[in-house]
Amino acid sequence: DGDGIGDGCEDANQNGQVDVSGDRVTETDPFDDDSDDDGIKDGIEDADHDGRFDANETHPLRADTDGDGIDDGVEDRNLDGEVALWVDADGDGCFTDGDEPGESDPRTMDSDMDLIADYHEDQNLDGLCGIDETCAFLVDTDCDALPDGREDKNRDGVFNSHETDPLRADSDADGILDGLEDANQNGVWDRGLETSPRHFDSDGDHIADGVEDRNQNGRLDGF
C-alpha cells in the first residue's frame, strides 16, 4: 500500500489476513495505507515502521488514540505526525487574530496540561479554537496570567458565576487583569491581600478597583 511499513511488519504473523481479536483489529492492513481511516497514513502513525504501537506514536488502528472524542486526523490537522505549535505572528505573547493556531496532541487528553480535557476545551471537536472555546493548545487562552484550569475551577469548559472567565482577561471589567488581582494565582480571593477579579468594586466603596489602583498593577503602591 506504499505506506512505508513493510507488508511483513503489518501482517505480523504473515498469514495473509488482517487479524481480529474479539471485535478489535490487531494488525494494520497492508492493502490500506490508512487502516483506521483517521486521515493519517499508517506509516506516519507508526513512525518507526516496526508494526507496533509505541507510546510516542498515534495508534494506526484507533482513529482516536487518546480517547478524547477528537479523531487523530482532526487534532493533527496537517496529518504529519507532529504537534504544531501556535505562531505568535505579532509578537505580543498572546493568541490573537492573525496568529497561527497550534494543534492539540492526539496522544494525550490534555494537550496544554492546563487540567482541562481537550474535549471540554474544543467543545465542537473540530480541532480549532473557536471564539467561545478555550484553546486546547494554550495554557492561558485569555493571556491574563491565570491558567485556564485555574479560572475554570470545575474544568468543564463552561463559565460559571463562581469562576473568573478564561475567555476574558478582565472578568469584572474593572481595568485590572484577573491574574494581577489574583496575585498568587490560586483561583481564590484572599481578602485583605488581593482585590477580587470577580467584583468590580472589591471593598464596596463605590469606586472601581481599577480607579483606586490607578496604575492597575494589582498592588498597593506607596506614596
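**Notes on the predicted model**

1. Ala84 is placed in the loop between helix 3 (72–75) and helix 4 (118–121). The model under discussion is a predicted one. Ala84 has a relative accessible area of 29%; because this value falls between the 20% and 50% limits, the residue is classed as partly exposed. Leaving aside residues up to four places away in sequence, Ala84 touches Gly102 and Glu103. Its C-alpha lies 8.1 Å from that of Ser104, a residue 20 positions apart from Ala84 in sequence.

2. The disulfide count comes to two. With the bonded cysteines numbered in sequence order, the pairing reads 1-4, 2-3.

3. One of these disulfides joins Cys94 and Cys143, whose sulfur atoms are 2.0 Å apart. Cys94 belongs to the loop between helix 3 and helix 4, and Cys143 to the loop between helix 4 and helix 5 (148–151), so the bond ties together parts that are 49 residues apart in sequence. The torsion about the S-S bond of Cys94 and Cys143 is about -65°, and the disulfide is therefore left-handed. Cys143 is partly exposed, at a relative accessible area of 25%.

4. Cys129 and Cys135 also form a disulfide, again with a sulfur-to-sulfur separation of 2.0 Å. Here the S-S torsion is about -80°, so this disulfide is left-handed. Are its two partners buried or partly exposed? Cys129 is partly exposed, with a relative accessible area of 21%, whereas Cys135 is buried, with a value of 1%.

5. How many cavities of 30 Å³ or more does a search of the whole structure find? The search finds one. The largest cavity contains about 40 Å³ of space. Its lining consists of Ser104, Asp122, Gly127, Leu128, Cys129, Thr134, Cys135, Ala136 and Phe137, divided by class into five nonpolar, three polar and one charged residues.

6. A remaining cysteine to note is Cys9, which is partly exposed, with a relative accessible area of 32%.

Methods:
Residues numbered from 1 in each chain as written. Predicted model: local features only at pLDDT ≥ 70, side-chain atom pairs only at ≥ 80, totals over all residues. Heavy atoms only, no water. 1 Å grid on protein atoms, 1.4 Å probe; cavity = no way out; pocket = protein on both sides within 12 Å on 5 of 7 lines; lining within 4 Å. Points joined across faces, edges and corners; volume = space filled by probe spheres on them. Nonpolar A, V, L, I, M, F, W, Y, C, P; charged D, E, K, R; others polar. Helix = DSSP H or I, 4+ residues; strand = E, 2+ residues; numbered from the N terminus. Buried < 20%, exposed > 50% of the residue type's maximum accessible area, 1.4 Å probe, protein only. Contact = heavy atoms within 4.5 Å. Disulfide = S-S within 2.5 Å.
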